[in-house]
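Visitor: I've got a model open and would like to talk it through. Could you take my questions one by one?

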Amino acid sequence: MIQLTNRQARQFLLLKHGLLDEYKFSGKKGVLDFVRQVGCIQYDPIDLCGKNAELVLQSRIKGFTKGMLADLLYEDRCLVDYPDKNLAIILVEDWPYFERYRNAARQHADRYPEMEALTAQVRAHIQNHGALSSDDLKLDGDFSWQSAIHWSSGNNSSRSVLEQMYSTGELIIHHKKGTRKYYDLAKKYIQPNLLNAAEPLEDELEHHKWRVLRRIDSVGLLWNRASDAWLNIWGLKAAQRKEVFSQLLHEDRIVAVAVEQMKDMLYCLAEDLPLIEAVLQNQEPKLRCELIAPLDNFIWDRKLIKELFDFDYTWEIYTPAIKRKFGYYVLPLLYGESFIGRAEIIAERKTGTLVVKNIWYENGVRQTTQLRTALNSCFQKFAIFNGCKTISAESMN
């Protein structure tokens, strides 16, 4: 077991995520390296100052542009839109590990005999016209459906059939225009050795071990307790999770980490021990100021962030306006080893202006010259990321 101070645990997490010291990820290769580390990045279509996945990457990847992610998804096809922790983006090389979910969707589809004729219509339309969205498709027949693994349901036949074919892996998202998804046949873009691969880990316990390792790697430190970090891992109840942790510890694939004044034990990957050792040297890493995405891997477990950083963050997008403490789309603001506040920012693309609507500082944060300089640098980088030439600051609390 490793013992860390609170500060050492925070440093470890931040250095692992590439949010402290010099950038450790750079360019398109850096995007792939980071996605390989975290397993998946959550996707969300809302775009006030960048979509969630883009926001995750801009805080870590030196020189990141939105076009890099689009290229890796829809030109290079190294990444693919696929459910992991909810809506997500994964490496295409991880496709085989989710075969059990696609197979479940195929079995689910067998309960709808009308599906076969409708999917044939979709294939014919793609054959004749190429990638399509639900608006391009008018199917013969009425079809209402509840997906086995997908995130939506409804009585729009075209959307339902496209999403079901996506769930089974026959279709992938070819590209997006805004929030609209365009689908095409997966076999055109995913290599046969991946597309048709058998489930690599048929045993459910082995599959759960793979997914738990992946989620620990994604966050950096996690505990063996209920957490949003385990979302969408089928069948992983408390008993199964306990067995997974027990086996991973026995196999020396994870290491127990005790953090001062924390009741629950945390765990990291064994391969992260060199980073733990580096942190124990008590070096003084270079401080950076970064805006953090609302669904960032780093803050998947909000209770863990509260205990380690004393920062309480709620994404208030689904909170009724009258009950919001801050704003509709507010990003945590990280400076060095601490969350110093949160900011509400809108990119007004017609005028090319990044509007900083408000900054709410945490209690006790001193607005020093050094902090102001770091903050200005952060907003300038964020403006470039959003294609904005000017920055307008409305108010600062």
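This is a predicted model: local features need pLDDT of at least 70, side-chain atom pairs count only at pLDDT 80 or more; totals for chains, interfaces and linings use all residues.

Visitor: Which side chain does the side chain of Asp 47 join in a polar contact of 3.0 Å?
Guide: Look beyond the loop between β3 and α3 for this one. Asp 47 and Tyr 329 are 282 residues apart in sequence, yet their C-alpha atoms are 9.5 Å apart in space. The side-chain partner at 3.0 Å is Arg 349.

Visitor: What is the relative accessible area of Asp 47?
Guide: Buried would need a value under 20% and exposed one over 50%. Asp 47 falls in between, so it's partly exposed, and its relative accessible area is 28%.

Visitor: On to β3. Which strands stand at the edges of its open sheet?
Guide: The sheet has 3 strands in the order β3-β6-β5, with antiparallel pairing. Two of them have a single partner strand each, so one side of each is left without a neighbour in the sheet. The twist averages 25 degrees from one strand to the next. The edge strands are β3 (40-42) and β5 (79-81).

Visitor: Now for β16. How many of its 11 residues are buried?
Guide: β16 covers residues 338-348 and has antiparallel pairings with two strands: 6 bridges join it to β15 (residues 330-335), and 8 bridges join it to β17 (residues 353-361). The strand is largely enclosed by the rest of the structure, because the number of buried residues is 8.

Visitor: Which residue takes a positive phi in the hairpin of β15 and β16?
Guide: Along this pair, Leu 331 stands opposite Ala 343 in β16. The hairpin has 2 residues between the strands, and the positive phi, near 65 degrees, belongs to Gly 336.

Visitor: And which residue has a positive phi in the turn between β16 and β17?
Guide: Here Glu 348 has Thr 353 of β17 as its bridge partner. There are 4 residues between the two strands of this hairpin, and the one with a positive phi of about 65 degrees is Gly 352.

Visitor: How many of the 11 residues of α1 are buried?
Guide: The buried residues include Arg 10, Phe 12 and Lys 16. Just after the helix, Gly 18 takes a positive phi of about 70 degrees. α1 is largely enclosed by the rest of the structure, because the number of its buried residues is 10.

Visitor: What about α9 and α10: are they parallel or perpendicular to each other?
Guide: α9 (residues 204-219) and α10 (residues 238-250) pack with their axes 10 Å apart, at an angle of about 80 degrees. The range from 65 to 115 counts as roughly perpendicular. These two helices are therefore roughly perpendicular.

Visitor: Which strands does α10 lie across?
Guide: They belong to an open sheet of 4 strands in the order β1-β12-β13-β11, with mixed pairing. α10 runs at about 105 degrees to β12, while α11 (residues 273-280) runs at about 40 degrees to β1. The strands under α10 are β11, β12 and β13.

Visitor: Last one: how far apart are the C-alpha centres of domain 1 and domain 2?
Guide: Domain 1 takes in 96-189 and domain 2 takes in 289-393. Their C-alpha centres are separated by 37 Å.

Note on methods: Residues are numbered from 1 along each chain as its sequence is written. Side-chain values use heavy atoms; hydrogens and water are left out. Domain bounds come from an automatic or database domain assignment. Buried means under 20% relative accessible area, exposed over 50%, partly exposed in between (1.4 Å probe, protein chains only). Two strands pair if DSSP finds at least two bridges between them. Axes are lines fitted to C-alpha atoms, for helices over the stretch in contact, and angles run from 0 to 180 degrees between N-to-C directions. A polar contact is a pair of N or O atoms within 3.5 Å; within protein, one must be able to donate a hydrogen and the other to accept it, and residues adjacent in sequence count only if both atoms are side-chain atoms. Angles under 35 degrees count as roughly parallel, over 145 as roughly antiparallel, 65 to 115 as roughly perpendicular and the rest as oblique. Contact means heavy atoms within 4.5 Å.
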